[in-house]
Structures are given as C-alpha cells and as structure tokens.
Amino acid sequence: MALVEITYENSNNVTEDRMCECGVYGRNSPLDKASGFVTLPTGDPKGCGPDPVYNRNSSSPPWIAMVKRGNCTFSEKINAAKRLGAAAVVVYNVDGSGNSTTHMAHPEADGIVAIMIGNSQGMEVVKLVKNGTDVFMFIDVGSAHGPWMDTYWLYFLSIAFFIVTAASIAYFVFISANRLYNLSMHRRTERRLKSEAKKAIGRLQVRTLKRGDEEITCDSYMCAVCIESYKAGDVVTVLTCDHIFHKSCIEPWLLERRTCPMCKCDILKALGIEEETKEEISAQSPPEVTVITVAGADNMYEVPLTETVSPDPERHRYDNRAFEADSVAARG
Ligand SMILES: [Zn+2]
Ligand SMILES: [Zn+2]
C-alpha cells in the first residue's frame with residue numbers, strides 16, 4: 001500500500017492537509033517516496049499517446065503526473081509522463097469504480113514511482129487542480145499490506161501446515177506404537193499359553209492300546225481329530241475329561257487351543273496350570289487385542305471366554321469354605 005498525502009490552500013486561504021492509505025504501488029514500481037505538484041494532462045485525462053501535454057501550472061520542477069485509467073496500457077501512460085520529467089505517476093481508476101484499485105502491471109515502465117488510487121480520491125484531486133489550486137502530493141510506503149501481507153500469510157500458513165503435519169505424524173506414531181505394544185503383548189501371552197499347554201500335555205496320561213482294549217473292540221470309539229478308529233499299538237492321550245485321542249493328533253491341537261475337541265473342557269484349568277498366571281493374562285489381553293489379531297485365528301477368542309467362566313470355581317470354593325465353616329460350627 002502507498003500512503004498518499006495532499007496539501008493545498010482552500011478558498012479561505014487555509015492550508016488543508018489530507019492523508020490516506022489509499023494508493024497501491026504498481027508491480028514494477030520502486031517502493032519509494034515521491035513528491036511534487038499534481039499535474040494533469042491538458043487534453044485527454046488518460047494521458048495516452050506518444051506526447052501528451054501536461055498543463056504544468058506550477059513552474060517548480062518536481063511534479064506528479066495524474067492520469068486516468070484506460071485507453072492505453074499503464075506502461076504507455078507512465079513512460080510518457082516519465083519522458084516529460086514527472087517525479088511519479090498516479091493513475092486513478094475509471095468512473096464508477098469508487099475506492100477500488102488494482103495492482104497495476106507495467107513491465108515496460110519501471111524505474112519510476114507509479115501508484116494507483118481509487119476513482120473517488122482521484123476525482124477529488126482532479127477537481128481541485130482544475131479549479132487552479134496547487135496541490136502538493138507526497139507518496140510514501142504505507143503499512144505492510146500488499147506483498148508484505150502475502151509473506152505474512154505464507155508464513156502463517158506454513159506454520160499451520162507444519163503443526164497439522166506434526167500432529168498427524170504424532171498421532172500415527174502413537175497408534176502404531178500402541179498396536180505394536182498390543183501385538184507384542186499378545187505374542188507374549190500366546191507364547192506363555194503355549195508353554196503352559198506343553199506343561200499340561202506332559203501331565204496328561206498316555207497309553208498304548210493293546211488288543212482287546214475296549215477302545216479297539218468297540219466301533220463307537222474313534223479319534224475325533226483324524227476321524228479314524230483305534231488299532232492295537234496306537235499311542236493315545238487321555239484328557240482330563242476322559243476323552244481319548246491319538247497322541248500325535250491331539251498334541252498340536254492342544255498347543256493351539258488347550259481345550260478338548262469333543263467337550264471344550266479346558267485342560268489348563270482342569271490341571272490347575274492356568275490358575276498361576278490367569279491374572280496376568282487377563283490384565284495383559286485387553287479387548288482390542290482380539291480385534292487386531294485377524295491372522296491369529298480363533299484361539300484368542302477362547303482366552304476371554306474361559307476367563308469369563310473362571311469366577312465360578314472361585315465362588316464354589318468360597319461357598320464350600322462357608323459350608324465347611326458352617327459344618328465345623330455345627331459339629332462344634
Ligand atoms: Zn487321530
Ligand atoms: Zn472332552
């Protein structure tokens with residue numbers, strides 16, 4: 001923006017001084033101060049053509065050419081005035097445009113201060129000059145709007161962009177870290193459950209079937225994992241629920257699922273192995289884990305299931321204790 005100050009003597013011989021920040025420096029104008037008496041072209045107010053004549057009603061050298069927008073390029077107007085020795089060129093906007101201005105482009109006319117002002121401000125000065133008043137104009141660089149505003153906005157936007165980017169990166173890092181943490185927790189739980197299953201398998205009863213055993217003679221007995229009947233010499237594992245399976249069939253199954261394929265009986269619980277670590281497991285496998293482990297198959301679902309059942313034996317135990325206490329009291 002350009003600061004425009006005009007000074008003149010009004011009809012009562014009183015000096016009037018008015019200032020507005022209503023000018024806009026042209027794109028190719030130096031952002032500089034300029035001053036002089038406002039001078040209008042004698043003929044066409046637009047100051048076009050190779051040799052417009054300026055009505056210099058003051059003999060003092062510094063003068064500012066004041067021309068109306070239109071008819072020819074800004075460059076042409078500015079160059080013509082520059083050739084005639086103007087200190088600066090002020091272009092005012094076309095009639096009916098009020099206070100609006102544009103950021104003039106005048107690539108062929110640089111090296112001279114050229115600003116644009118609104119039509120209403122321009123006409124005011126034109127009227128004074130036409131009445132024979134000597135109007136002295138002073139042009140200065142105003143507050144930093146225009147190009148300065150652009151850099152300010154650019155600065156502001158880049159900071160905003162940086163903050164948004166940083167926030168989203170932080171969010172994704174947090175989410176990924178959380179997922180990784182849950183995943184590793186889940187793996188650790190899996191590993192422990194597997195080692196517990198191994199422990200449980202070691203405690204299960206293993207038999208080698210002999211000819212004449214009930215499992216061989218009766219057709220209703222078959223291994224539910226491989227769906228084959230038993231033969232003499234087959235090594236079978238007897239689960240805590242008394243269901244029997246081929247040892248080679250049931251062991252991989254138990255490592256993965258820890259339950260009887262027939263009755264869903266939990267062998268870890270039945271053998272009392274799970275009791276030792278149950279609290280840790282429930283603390284370390286929040287509900288989200290089951291959502292994440294898409295590839296982890298069904299077994300994760302069985303952990304919370306067995307967990308929800310687990311309070312029951314506890315209650316039974318308390319009931320029993322209470323009952324025992326009662327019976328002791330009754331006896332005593
Ligand atoms: Zn089998
Ligand atoms: Zn069973």
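Reader: Which residues of helix 1 are buried?
Author: In helix 1 (residues 74–83), the buried ones are F74, K77, I78, A80 and A81. Buried means that 20 or more other C-beta atoms, placed from the backbone, lie within 10 Å of the residue's own. Helices are DSSP runs of H or I with at least four residues, strands are E runs of at least two, and both are numbered from the N terminus. Bear in mind that this is a predicted model: local features need pLDDT of at least 70, side-chain atom pairs count only at pLDDT 80 or more, and totals for chains, interfaces and linings use all residues. Residues are numbered from 1 along each chain as its sequence is written.

Reader: Why do they line one face of the helix?
Author: Looking down the axis of helix 1, the buried residues fall within an arc of 160°, so they line one face. That arc is taken from the directions from the helix axis to the C-beta atoms. As background, an α-helix has 3.6 residues a turn, so residues three or four places apart point the same way.

Reader: And what covers those buried residues?
Author: Strand 5 (63–68), strand 6 (88–92) and strand 7 (113–117) are included in the cover. Contact here means C-beta atoms, placed from the backbone, within 7 Å.

Reader: OK, cores. How many residues are in the largest nonpolar core?
Author: That core has 40 residues, and I64, A88, V89, A114 and I115 have the most contacts inside it. A nonpolar core is a set of buried Ala, Val, Leu, Ile, Met, Phe, Trp, Tyr and Cys residues joined through C-beta atoms within 7 Å. Elements giving it two or more residues include strand 1 (2–9), strand 8 (136–141) and helix 1.

Reader: What does V89 touch, neighbours within four places aside?
Author: V89 is in contact with A65, V67, K77, I78, A81, I112 and A114.

Reader: Where does I267 sit?
Author: I267 lies in helix 6 (residues 267–270). It is buried, because 23 other C-beta atoms lie within 10 Å. Its contacts beyond four places in sequence include A200, L239 and R258.

Reader: Switching topic: what does UniProt say about residues 152–177?
Author: The unreviewed entry annotates them as "transmembrane region"; such annotations may be inferred rather than shown by experiment. In the model that span is 100% helix and 0% strand, with its end C-alpha atoms 37 Å apart.

Reader: How many helices and strands does the protein chain have?
Author: The chain comes to 10 helices and 13 strands, and 24% of its 332 residues count as buried.

Technical notes: Chains are lettered from A and ligands numbered from 1 in the order in which they are written. A residue is buried if 20 or more other C-beta atoms lie within 10 Å of its own, exposed if 12 or fewer, and partly exposed in between; C-beta atoms are placed from the backbone. Two residues are in contact if their C-beta atoms, placed from the backbone, lie within 7 Å.
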